[in-house]
There are 2 protein chains.
Amino acid sequence: MRNKGWTIVKPSLGTYDPSCLRLDESTVRPLKQGEVLIKTNFLSLDPVSRSWLKLDHPSAFLPLKVGDTMVGVALGTVQQSSTSGLAPGDLVRGIWGWELYSIANPMLLEKIEPNPDIPVEAHLSVFSHVGRAATLGMLIVGGLKSSDTVVVSAAAGTTGAIAAQIAKANGCRVIGIAGGAAKCGYLLVELKLDAAIDYKVGDVDSELADLCPDGIDLFFDNVGGPILDTVLEHIAVGARVVICGAISQYDLEDESNAYGCKNLPLLMYRQARMQGFQVPQFVDRFAEYDAILRNMFLQGKVRSRAHLIDGLERAPGALSLLLSGGNDGKLMVKVA
Amino acid sequence: MRNKGWTIVKPSLGTYDPSCLRLDESTVRPLKQGEVLIKTNFLSLDPVSRSWLKLDHPSAFLPLKVGDTMVGVALGTVQQSSTSGLAPGDLVRGIWGWELYSIANPMLLEKIEPNPDIPVEAHLSVFSHVGRAATLGMLIVGGLKSSDTVVVSAAAGTTGAIAAQIAKANGCRVIGIAGGAAKCGYLLVELKLDAAIDYKVGDVDSELADLCPDGIDLFFDNVGGPILDTVLEHIAVGARVVICGAISQYDLEDESNAYGCKNLPLLMYRQARMQGFQVPQFVDRFAEYDAILRNMFLQGKVRSRAHLIDGLERAPGALSLLLSGGNDGKLMVKVA
């Protein structure tokens with residue numbers, strides 16, 4: 001069977017360069033015992049995809065090297081299986097190659113039960129690592145309480161929007177930070193947040209001072225850098241700062257030019273906690289928190305938008321769109 | 001009754017300047033109902049004393065302004081009392097003025113039961129806010145486990161030394177960071193730490209890489225700044241970073257020149273937590289943790305040294321000594 005997939009030809013340091021990937025043709029090899037052949041339906045494009053392309057980077061979940069097929073979170077259909085528990089026709093989500101057909105490790109796959117109330121692409125947005133990051137980050141890492149004043153950065157991004165909606169669904173006052181009038185309008189009109197700050201035109205510092213005179217109890221951060229530093233000036237006593245992402249720092253030419261955060265001593269004066277996490281660390285709690293999120297989704301309290309890019313051949317370019325914030329909803333590539 | 005005390009004549013911004021304080025004479029006024037008159041025996045000089053002298057600063061526990069008598073943690077003897085529970089002759093620790101006699105608020109006083117096994121000055125070192133910071137910071141905030149590889153900065157300082165000894169008493173591998181051969185010798189010989197790094201001559205980064213190939217599980221930080229940033233590069237998955245102090249950042253001419261910490265995204269990749277605290281937030285747990293520390297002290301597992309400066313008139317100058325790291329043990333002023 002003929003295949004096509006994206007091979008890593010060089011690490012992408014500095015500004016992301018789609019030419020770090022090359023579209024190669026190949027033939028699917030026969031399955032070995034324990035393997036599964038999947039036809040890729042959708043590929044998820046995520047900020048961490050960009051970090052993985054640095055190759056030797058602390059974000060690396062799988063060791064990737066030049067010559068490997070790029071990998072990511074994806075949704076697909078089992079074609080052949082030599083492992084129990086998965087059969088041809090099964091819908092699966094997991095981590096596998098950016099290719100039409102992929103031979104996957106069942107350890108990295110989850111079988112998805114089709115549900116007529118859940119559109120298939122939602123399995124790569126609300127019901128994926130993204131929705132889990134928002135849910136686990138808000139509820140476990142952040143310890144969300146209904147009395148919290150919550151700030152979310154990149155609040156119009158997929159993770160941020162879900163995180164913000166979870167906080168609203170829990171009765172919190174929620175302020176979103178995003179870039180541009182369209183995104184801020186989305187936060188106010190669609191997500192019904194209490195306020196939105198456009199960091200591209202506004203003064204985040206003075207707007208937070210006005211909006212949060214009693215301080216911020218929970219900051220769910222997706223961007224890092226100067227916005228994180230500015231928000232720290234406004235945290236309340238006992239605040240929790242959840243480090244979910246740091247997209248402002250992913251495209252540095254030189255990691256020594258990373259933004260330096262000056263306000264860490266405030267963690268001491270404000271008796272505050274800053275905590276980072278990775279979704280897989282909570283694997284034992286997926287079932288419990290997936291159910292919480294599914295309920296919020298089925299009640300209409302959490303919604304997500306998909307931004308579909310058609311065709312595997314457009315995947316590397318689409319990642320640029322994500323990094324510039326040009327996507328409008330969860331970015332994914334429709335492969336088949 | 002004649003009195004002498006240190007009045008704040010200006011805020012001390014930038015490099016600490018002892019001339020921000022002036023020694024004034026006065027007469028002790030009569031007690032009002034609910035007040036206590038104390039004769040000061042010892043004054044504790046602490047890094048936070050310096051921060052309080054900035055006056056309008058987030059570290060401020062009590063609002064201080066120009067014209068007020070400087071305050072700090074102190075040990076003294078009740079002279080007169082118009083409150084129940086305290087009587088003349090009682091030994092008390094608390095927060096009151098840098099003066100010979102001070103009229104104190106009983107809410108800020110703790111009565112000390114004399115114990116023949118505990119030298120009186122230990123009530124301002126091991127058995128004070130300092131020992132509590134080490135104990136609560138290590139055990140509650142840091143969640144110390146016997147399997148942890150622990151790093152302590154300013155490990156020869158009073159808080160750091162107690163924190164390091166608590167970790168040793170719990171069976172941990174402990175590495176101390178300090179400035180100079182004498183302090184590093186103290187860490188190895190007296191405190192029996194597993195290793196000491198002299199940040200003034202060594203390369204902290206490469207020494208940590210050699211000493212902690214599997215990463216640091218708990219970092220108890222008293223200094224902030226570049227040492228904190230360097231240690232972050234070596235934290236293990238699941239690490240806890242306890243922000244107890246940031247002495248490298250207290251003497252800045254301009255707070256906008258604060259050191260910027262670049263490695264915060266590692267909190268995410270390493271699933272790590274950074275948490276600041278203030279001792280009073282744990283007031284409900286003082287009795288429980290004081291008893292733990294007292295047991296370690298009486299078993300000889302935790303020791304502390306006092307560096308006594310004679311005479312109230314030397315207090316402002318002695319604070320300079322503390323800030324330059326020139327003290328040798330818990331710095332305190334013997335007043336009477």
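Me: Among contacts in chain A between residues at least 6 apart in sequence, what percentage join residues at least 24 apart?
Reply: Bear in mind that this is a predicted model. Take the contacts in chain A whose partners sit at least 6 apart in sequence, then ask how many of those join residues at least 24 apart: the share is 67%.

Me: How does the radius of gyration of chain A sit against the globule rule, and what is its value?
Reply: Chain A has 9 helices and 15 strands. For 336 residues the globule rule gives 20 Å, and the chain comes out close to that, so it is as compact as a globular protein of that length. Its C-alpha atoms fill a box of roughly 65 × 45 × 35 Å along the principal axes. The radius of gyration of chain A is 20 Å.

Me: What share of the residues in chain A is buried?
Reply: Buried here means under 20% relative accessible area. Out of the 336 residues in chain A, the buried share is 56%.

Me: Is Leu43(A) buried or exposed, and what is its relative accessible area?
Reply: Leu43(A) belongs to strand E3 of chain A, residues 36–44. Setting aside neighbours within four places in sequence, its contacts include Val73(A), Trp98(A), Leu124(A), Leu312(A) and Val333(A). Leu43(A) is buried, and its relative accessible area is 0%.

Me: Which residue of chain B does Ile243(A) touch?
Reply: Ile243(A) sits in strand E12 of chain A, residues 235–243, and is buried with a relative accessible area of 2%. Not counting residues up to four places away in sequence, Ile243(A) touches several chain A residues, among them Asp221(A), Leu228(A), Met274(A) and Phe277(A). From chain B, the residue it touches is Met268(B).

Me: How far apart in space are Ile243(A) and Asn222(A), C-alpha to C-alpha?
Reply: Along the sequence, Ile243(A) and Asn222(A) are 21 residues apart. In space, their C-alpha atoms are separated by 6.7 Å.

Me: How far apart are the end C-alpha atoms of helix H2 in chain A?
Reply: H2 covers residues 129–141 of chain A, and a straight helix with its 13 residues would reach 18 Å at 1.5 Å a residue. The actual span falls short of that: the ends are only 15 Å apart.

Me: How many residues of H2(A) are buried?
Reply: The buried residues of H2(A) include Val130(A), Arg132(A), Leu136(A) and Met138(A). H2(A) is largely enclosed by the rest of the structure, because the buried count out of 13 is 10.

Me: Which residue caps the N-terminal end of H2(A)?
Reply: Just after H2(A), Gly143(A) takes a positive phi of about 55 degrees. At the N-terminal end, a side-chain oxygen lies 3.0 Å from the backbone nitrogen of Val130(A), and the residue supplying that oxygen is Ser128(A).

Conventions: Residues numbered from 1 in each chain as written. Chains lettered and ligands numbered in written order. Predicted model: local features only at pLDDT ≥ 70, side-chain atom pairs only at ≥ 80, totals over all residues. Heavy atoms only, no water. Helix = DSSP H or I, 4+ residues; strand = E, 2+ residues; numbered from the N terminus. Buried < 20%, exposed > 50% of the residue type's maximum accessible area, 1.4 Å probe, protein only. Contact = heavy atoms within 4.5 Å. Expected span 1.5 Å × (residues − 1). Polar contact = N/O pair within 3.5 Å; in protein donor to acceptor, adjacent residues only side chain to side chain. Rg over C-alpha atoms; globule rule 2.2 N^0.38 Å.
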